[in-house]
Amino acid sequence: MNRTLHAIALSLAALSLPVLATDPYASKPITLIVPTAPGGTTDLAARMLAEPLGKALGQTVVVDNRGGASGGIAAVAVKRAEPDGYTLLMQYSGYHVITPHLMKQSQWEQRDLQPVANVLNAPQLVVVRAGLPVKTLAELVAYAKQNPGKLSFASSGNGSLQHVTGAMLAQQAGVQMTHVPYKGTGPALQDLLGSQVDLSFGTPPPFLPFVQSGKLRALAVTGAHRLPSLPDVPTAAEAGLPGLDATSWFAVFAPARTPAVVVDKLTRTIAQVMATPAFKQKAAEQGATADYLAPTALSDLARNELVRWGEVVKSAHIEGD
């Protein structure tokens with residue numbers, strides 16, 4: 001009898017080995033590449049997700065900032081990485097759906113990246129340096145008309161949603177402004193605070209502390225609703241430019257051909273992290289929304305946004321470097 005039980009135990013152990021061998025994820029640290037310098041919402045989204053995701057998977061998630069080439073450096077790094085789920089991209093929508101329309105030649109395409117999950121959505125703020133003599137969006141437009149070409153606006157890079165939003169404002173208001181691209185929101189913000197540029201457009205997280213302290217002035221929100229954190233700042237529509245509607249999203253992508261079992265585990269774990277009150281609260285405090293989308297829904301969003309922003313780029317006559 002003992003021999004029989006021993007044989008059964010050995011058989012069960014043997015049967016379990018293939019299961020363990022084929023489902024090792026995650027068995028080593030994960031690198032989450034960010035296509036911008038530290039300090040912007042893309043970086044914030046990555047850092048908000050990294051620690052709880054790592055705890056849930058039982059591994060360290062390392063945030064690796066690789067700004068430059070309008071997101072191209074980071075996207076190519078992920079495209080060329082082993083498709084095993086250990087190298088991921090926290091993608092910024094501007095780079096994903098706008099930059100492709102501006103690059104005559106690109107080393108990556110949407111099909112090179114596997115959608116995993118959308119993490120954050122955020123409208124943009126129209127923000128000016130404290131010393132600029134304007135207090136409303138209407139006054140900004142009037143000042144720009146009185147001083148054609150004098151105003152300069154900073155963005156996180158050529159082809160970013162900040163860049164396109166600035167071009168949209170100029171087109172809709174009939175004014176001229178000079179675009180100054182940076183390698184991420186962080187460097188752009190520093191020059192805005194230093195009065196090296198006059199205004200910028202961007203998601204709320206990096207700007208909020210400086211708006212609340214009076215070092216910067218927010219003129220409008222480019223979304224459908226006012227922000228709870230800035231209730232006195234009107235929407236662009238309320239301020240007189242209803243066509244200035246621009247919302248950014250920040251999503252996790254993996255290299256194409258990443259196994260479905262890995263993508264499924266990643267997206268389910270990210271959804272669980274995002275569903276926690278702590279994650280939702282932190283997003284709201286930053287003027288963003290924790291808005292989970294599964295891979296298929298994220299793929300549809302990216303495809304539709306590529307078409308939408310392509311039309312905006314064309315109508316605003318925006319050109320790449």
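Trainee: How do you know that strand β1 and β2 pair, and in which sense?

Mentor: In this predicted model, strand β1 (residues 30–34) and β2 are joined over 5 bridges in the parallel sense. Pairing requires at least two bridges, so β1 and β2 count as paired. One of the bridges links T31 to V62 in β2.

Trainee: What makes β2 and β11 edge strands?

Mentor: The open sheet has 6 strands in the order β2-β1-β3-β10-β4-β11, with mixed pairing. β2 (61–65) and β11 (289–293) each have a single partner strand, so one side of each lacks a neighbour in the sheet. On average, neighbouring strands of this sheet are turned by 25 degrees against each other, direction ignored.

Trainee: Which strands does helix α3 touch?

Mentor: Helix α3 (residues 72–80) packs on the sheet and touches β1, β3 (87–92), β4 (113–123) and β10 (247–255). The direction of α3 makes about 150 degrees with that of β3.

Trainee: What residues meet in the contact of α2 with α9, and how do they divide into nonpolar, polar and charged?

Mentor: From α2, L49, P52, L53, A56 and L57 meet K265, L266, T269, I270 and V273 of α9. The residues of this contact divide into 8 nonpolar, 1 polar and 1 charged.

Key
Residues are numbered from 1 along each chain as its sequence is written. This is a predicted model: local features need pLDDT of at least 70, side-chain atom pairs count only at pLDDT 80 or more; totals for chains, interfaces and linings use all residues. Side-chain values use heavy atoms; hydrogens and water are left out. Helices (H or I, at least four residues) and strands (E, at least two) are DSSP runs, numbered from the N terminus. Axes are lines fitted to C-alpha atoms, for helices over the stretch in contact, and angles run from 0 to 180 degrees between N-to-C directions. Contact means heavy atoms within 4.5 Å. Ala, Val, Leu, Ile, Met, Phe, Trp, Tyr, Cys and Pro count as nonpolar, Asp, Glu, Lys and Arg as charged, and the others, Gly among them, as polar.
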